[in-house]
Amino acid sequence: MERSLTMELVRVTEAAALASARWMGRGRKEEADDAATTAMRKVFDTIPMRGTVVIGEGEMDEAPMLYIGEKLGTGQGPEVDVAVDPLEGTNIVAKGTWNALSVIAIADKGNLLHAPDMYMEKIAVGPAAVGQIDLNASVTDNLKAVAKATNKDISDLVAVILDRERHQKIIEEIRQAGARIKLISDGDVAAAINTAFENTGVDILFGIGGAPEGVIAAVALKCLGGEIQGRLVPQTEEEWERCKRMGITNPNQVLRMDDLVSGDDAIFAATGVTDGELLRGVRFQGNTAETTSVVMRAKSGTVRFIHAKHRLERKPHMVIEEDQDDR
């Protein structure tokens, strides 16, 4: 892939973040997601690449744009797989809470797992604990391994996990082991990425979340030198049949980094929509707005943080149409 794509992708996530941030705290998650998707699609049309969406907003009959199989880019340049989440954390934006992101991940064609829209059991860590975790091991054993790898006591560790009833046993085991917990309402892509940055205060991610989000997080962690392991959790016969079509015939198969994103190159970009541990959310002031983004490339290992100031009157694709009731 061409290195110039790294900066091009940031333009895409910035557009989606700016458009969706207008809906922060307004209780309208569908409108926020639609604004992000529309803005992202418009900027994608200007990117010199031949992209195919492998993880998107849904199947062609479910999503008007950024659907699985949709072609993106100008039709010139490298041929790539694209995983997008225009608004990772629609509920977060609706409520105005932490860690909503606009995210994109790309890799050379054929290198991203075409993860179906189902649950995935996950465990993720940063570079210091790579090779020390095991999805088949107990929560306690994984905490002990991460503590040893990071030269910390278990009581120093912070585990992040979605606040769901299905995670109650994991939460209890973490507490019994003596580690601390950060419960999150949504947004496990941001949570997985945070394990790779010491300043976020997060050491390990546990729990079951979306499979598409697992692939997106895997691209980021590959760029950062971290690790994620996953296992699909089909809940219906239809979902199980989709696993079989993917070549996954063993329900206990652990998907490792190279299963989720293969090859030696991938690019990940994210822009903060609301404030988080890693990225600041969008700030509006009259006709200007400020964004904070991160973009990274696996091949070079380069991680860039980008603070940008935007003149909104020069970016009509950032403007959202509001309902009459909101005027």
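The structure discussed here is a predicted model, in which local features need pLDDT of at least 70 and side-chain atom pairs count only at pLDDT 80 or more, while totals for chains, interfaces and linings use all residues. Residues are numbered from 1 along each chain as its sequence is written, and side-chain values use heavy atoms, with hydrogens and water left out.

Helices here are DSSP runs of H or I with at least four residues, strands are runs of E with at least two, and both are numbered from the N terminus. In α1, the residues Leu9, Arg11, Val12, Ala15, Ala16, Ala19 and Ser20 meet Ala32, Ala35, Ala36, Ala39, Met40, Val43 and Phe44 of α2, where contact means heavy atoms within 4.5 Å. By class, this contact has 12 nonpolar, 1 polar and 1 charged residues; Ala, Val, Leu, Ile, Met, Phe, Trp, Tyr, Cys and Pro count as nonpolar, Asp, Glu, Lys and Arg as charged, and the others, Gly among them, as polar.

Helix α1 also holds Glu14, which is buried at a relative accessible area of 9%. Buried means under 20% relative accessible area, exposed over 50%, and partly exposed in between (1.4 Å probe, protein chains only). Beyond its neighbours within four places in sequence, Glu14 is in contact with Thr271, Thr291, Ser293, Ile306, Ala308 and His310. With residues up to four places away in sequence not counted, Thr6 touches Ile267, Val295, Arg297 and Arg304.

Turning to the backbone, most residues other than glycine have a negative phi. Leu66, in the loop between β1 (50-55) and β2 (71-72), has a positive phi near 55 degrees and is buried, with a relative accessible area of 0%. Asn99, in the loop between α3 (90-95) and β4 (101-108), has a positive phi near 75 degrees and counts as buried at 12% relative accessibility.
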